[in-house]
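Here's a quick tour for anyone opening this structure for the first time. Have a look at it below, then follow the notes topic by topic.

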Amino acid sequence: MLKTIIQDIRAVRKNDPAAKNIIEVLLCHTPLHAIIVHRLSHVLYQIGIPVLPRFISALMRFWTGVEIHPGAKIGKSFFIDHGTGVVIGETAEIGDNCVMFHNVTLGGTGHHRGKRHPTVGNNVLIGTGATLLGPIKVGDNVRIGAEAVIINRDVPDNCTVVGAPGKIVKLNGKRVNLKLPRASYQRGDENEERNELLTTEPVAEIIEDQFSKL
């Protein structure tokens, strides 16, 4: 864990030009505090300790403005800039070397249990105010623009996504204008009963319906 925390500190120095020195980073970079404490609460959550991991998470939300459920899995060198309003759900997974700005949500689309939050690959940047909902998959080397909305859609590797609803505007270095593909769980890649449950989530249906009218 110590090695991972050191990598998180280095990620701040790498990505934040306002981080003047290591002392300033450790004392003043509150999103880093949230990440470090999450790594501890995640261990407690994994070994089955009740209540305490959630209580720690709640304290850090109050202190830093960053809400990370202790069940979320986060890779090495994770960097959150500013942090206020970030929400990362229980079954979310984030790969290595990812950058996230404030007011980003990795959320679910309903009340069912099991996998219900996004899985984010390696080397992904998620811009301010972006909303990713459902057990979607975001590939490696992806950039998601500010205020983008991605609901029940997968994001392929090596692309840039912008807009609400999100669309691909760059893929493998070339400018394009493509719709995002349906999420893999909606294409029959997983258990059919689970697919039926997820694809009929009322929250997702309402949001997608509203965007279709824009």
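Val162 counts as partly exposed, with a relative accessibility of 30%. Keep in mind that this is a predicted model.

**Around Val162**
- You'll find Val162 in strand β14, which covers residues 159–162.
- Why does Val162 count as partly exposed? Its 30% relative accessibility lies between the 20% under which a residue is buried and the 50% over which a residue is exposed.
- Setting aside residues up to four places away in sequence, Val162 touches Gly145, Ala148, Lys167 and Val169.

**Helix α4**
- Helix α4 takes in residues 52–64, 13 residues in total. From first C-alpha to last, α4 reaches 18 Å, close to the 18 Å expected at 1.5 Å a residue.
- Which residues are buried in α4? They're Pro53, Ile56, Ser57, Met60 and Thr64.
- Looking down the axis of α4, you'd see its buried residues fall within an arc of 100 degrees, so they line one face of the helix.
- As for what covers the buried residues of α4, the cover includes α3 (30–46) and β1 (67–68).
- Just after α4 comes Gly65, which takes a positive phi of about 80 degrees.

**Arg39, a buried arginine**
- Arg39 sits in helix α3.
- Is Arg39 buried or exposed? Its relative accessible area is 10%, so Arg39 is buried, the cut-off being under 20%.
- The Arg39 side chain reaches the backbone oxygen of Gly75 at 2.7 Å.
- Apart from neighbours within four places in sequence, Arg39 is in contact with Met1, Thr4, Ile5, Asp8, Ile74, Gly75, Lys76 and Phe78.

**The open sheet**
- Four strands make up an open sheet, in the order β2-β5-β8-β11, and the pairing is parallel.
- At the edges are β2 (73–74) and β11 (137–138), each pairing on one side only.
- Strand β8 (residues 119–120) and β11 run parallel and are joined by two bridges.
- Where does Thr119 find its bridge partner? It's Lys137, in β11.
- In general, strands of a sheet pair through backbone hydrogen bonds, either parallel or antiparallel.

Terms used. Residues are numbered from 1 along each chain as its sequence is written. This is a predicted model: local features need pLDDT of at least 70, side-chain atom pairs count only at pLDDT 80 or more; totals for chains, interfaces and linings use all residues. Side-chain values use heavy atoms; hydrogens and water are left out. The expected span of a helix is 1.5 Å times one less than its number of residues. Buried means under 20% relative accessible area, exposed over 50%, partly exposed in between (1.4 Å probe, protein chains only). The arc is that of the directions from the helix axis to the C-beta atoms. Contact means heavy atoms within 4.5 Å. A polar contact is a pair of N or O atoms within 3.5 Å; within protein, one must be able to donate a hydrogen and the other to accept it, and residues adjacent in sequence count only if both atoms are side-chain atoms. Two strands pair if DSSP finds at least two bridges between them.
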